[in-house]
Amino acid sequence: MAETSTRSSGAASTTTSSSYSASGSPITQMAQDHIFSILLLLPTDSIISFSMTCSRFRSLTFSESLWEAICRRDWGPTTVDALKFSAEATNCQQQLSWMRLYKQVCQLDSVSCHRLSGPDAGMVLPKPRASLSLNFVSDCLVLFGGGSEGGRHIDDTWVAYIGNDFRRMLRWEKITSGIPSGRFGHTCVVIGNHLVLFGGINDDGIRHNDTWVGQVALNETLGFTVSWRLLDVGSVAPPPRGAHAGCCIGNNRMVIHGGIGLYGLRLGDTWMLDLSENLCFGTWHEVVTHPSPPARSGHTLTCIGGSRIVLFGGRGLSYNVLNDLWLFEFSEVYSKWVQILYELKNVPGGISLPRVGHSATLILGGRVLIYGGEDSQRHRKDDFWVLDTGAITSVNPTNPIPLNSRGLLVNIWKRLNAEGYKPECRSFHGACTDRSGRFLFVFGGMVDGLIRPAEPAGMRFDAELFLAELVLQL
């Protein structure tokens, strides 16, 4: 009797196990779209681990639809749409592999440089300059202002149409001069299809605190035009300054920090401009927090997504060149600056990371590409560095930050190899990327040069335009 009971129990157990195996776990019965929604809540490492659980999940996690969605999540829809448009416009025969592209971006180790301007007797070019602004907007490069030999300011605006052919030699068109007034060391950011410009210094040493809005348009008879207008900001504005840093947050805010104010005093304040929906007026207000970055000039601010900004480098109060890193987190309720302490072990010996007059631009993959600048001995640089912003923003306890025994961030810096054309070392140049973040455009700056009677020893202003392209196999 007991034997019969045991056999019956075993049979029931086998039947139950077989039934459970056939039906599978609850998640295997979920629709593919629901599984995708769950996977998109996970970091990529967890998604890869999930793929190893069974053959069905492996098939799902290798889906190009899923990886395109991951790219949209991590890089933003603007970047993904720009990559797709570029591939279609260049008649790319092979469909984009989003999984392969994501892996290549994570493992990026090289840029390829191409010269985009050269001597041409029939071409009018912008004059050599530094401390200018260069922006990518409406498929065009827009260059404004800067300083030239003898400390003289420049007041012209130039446009070069890019379209979809990023590597071709470009033709500059001079659009306007006189508006805004001549200046250098100003900031100019892209908000939607507009430019927003603030501050700067003229050749009389006068600091500005005016705010301008510019817009590029294509006229059938006149070609490209850029219209500038003074923005109504009411009675409150930041103190006049130049050599400050600035960037945008979203589609209606601009943030500035530091710079050189009246009497040559370096500043350490943070201001935010809230813009109306149609950019007809704006309101400035100071953001006061403790702690905050020390006073400086010639540094950079870079928005790394959402309402987060990274500040790097610059020249401090005692004229020392800095390599500190700060994160600004903005919210309607509470904003704060946090210093990011990092380890220098993975910065190769002989390479000086502190710098001033560099550029720091958000690139494909949501990281920051830092180029050029100069150190405290005014040795100019031609190096490219990638800052891993993913480590900086991983403040969620479910995604721990890699720290060493002293509590410092590790492996957040990576130096990139530079292939192709070799541009000269430079500082105080202009730089911007296209909408995809794959192509970095660099113009002008101060470069090492032959000593001439009219030039300070070992320095000259430059008018070269070149492209640094992320080396990827699309």
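## Serines with a positive phi

Let's start with S131, which is partly exposed in this predicted model, at 22% relative accessible area. S131 sits in the loop that runs between β1 (110-115) and β2 (133-137). Its backbone is worth a look: phi is positive, about 55°, even though S131 is not a glycine. For context, most residues other than glycine have a negative phi, and most peptide bonds are trans.

S138 also has a positive phi of about 55° without being a glycine. This serine is found in the loop between β2 and β3 (140-144). With a relative accessibility of 30%, S138 counts as partly exposed.

## Cis peptide bonds and a loop glycine

Two prolines deserve a stop on the backbone tour. Going from I179 to P180, the peptide bond is cis, and omega is near -15°. P180 belongs to the loop between β5 (172-177) and β6 (187-191). The bond from H290 to P291 is cis as well, with omega near 0°. Look for P291 in the loop between β13 (282-286) and β14 (300-303).

G205 is partly exposed, with 31% relative accessible area. Its C-alpha atom is 9.1 Å from that of Y263, a residue 58 positions away along the chain.

## How α5 sits against α7

Now for the helices. Helix α5 (residues 64-75) packs against helix α7 (residues 98-106) at an angle of about 40°, and their axes are 8 Å apart. That makes the two helices, α5 and α7, oblique to each other.

Which residues in α5 and α7 meet? On the α5 side they are E64, W67, E68, I70, C71, D74 and W75, and on the α7 side W98, M99, L101, Y102 and V105. Sorted by class, this contact of α5 with α7 has 9 nonpolar residues, 3 charged ones and no polar ones.

## Salt bridges

Side chains of opposite charge can pair when their charged atoms come close. Here the count comes to 24 salt bridges.

E68 pairs with K84, and their closest N and O atoms are 3.1 Å apart. Because K84 lies in helix α6 (residues 77-89) and E68 in helix α5, the bridge ties together parts 16 residues apart in sequence.

Another pair joins two strands. R253 and D274 meet through their side chains in a salt bridge, at 2.8 Å from N to O. R253 lies in strand β11 (residues 253-260) and D274 in strand β12 (residues 266-275), so this pair links parts that are 21 residues apart in sequence. R253 is buried, with a relative accessible area of 14%, and D274 is partly exposed, with 25%.

## A charged network

D462 and R426 also form a salt bridge, with 2.8 Å between their closest N and O atoms. D462 is in strand β25 (residues 460-470) and R426 in strand β22 (residues 426-427), so the pair ties together parts 36 residues apart in sequence. D462 counts as buried at 8% relative accessibility, and R426 counts as buried at 0%.

Which residues are linked in a network of salt bridges? Along with R426 and D462, the members are R115, E424, R460 and E464.

How many disulfides does the structure hold? The answer is 0. Remember that a disulfide is a covalent bond between the sulfur atoms of two cysteines.

C71 counts as buried, at 0% relative accessibility. C303 is in no disulfide either: the nearest cysteine sulfur, in C247, lies 5.6 Å away. At 17% relative accessibility, C303 counts as buried.

Methods. Residues are numbered from 1 along each chain as its sequence is written. This is a predicted model: local features need pLDDT of at least 70, side-chain atom pairs count only at pLDDT 80 or more; totals for chains, interfaces and linings use all residues. Side-chain values use heavy atoms; hydrogens and water are left out. Axes are lines fitted to C-alpha atoms, for helices over the stretch in contact, and angles run from 0 to 180 degrees between N-to-C directions. Helices (H or I, at least four residues) and strands (E, at least two) are DSSP runs, numbered from the N terminus. Angles under 35 degrees count as roughly parallel, over 145 as roughly antiparallel, 65 to 115 as roughly perpendicular and the rest as oblique. Contact means heavy atoms within 4.5 Å. Ala, Val, Leu, Ile, Met, Phe, Trp, Tyr, Cys and Pro count as nonpolar, Asp, Glu, Lys and Arg as charged, and the others, Gly among them, as polar. A salt bridge is a side-chain nitrogen of Lys or Arg within 4 Å of a carboxyl oxygen of Asp or Glu. Buried means under 20% relative accessible area, exposed over 50%, partly exposed in between (1.4 Å probe, protein chains only). A disulfide is a pair of cysteine sulfur atoms within 2.5 Å.
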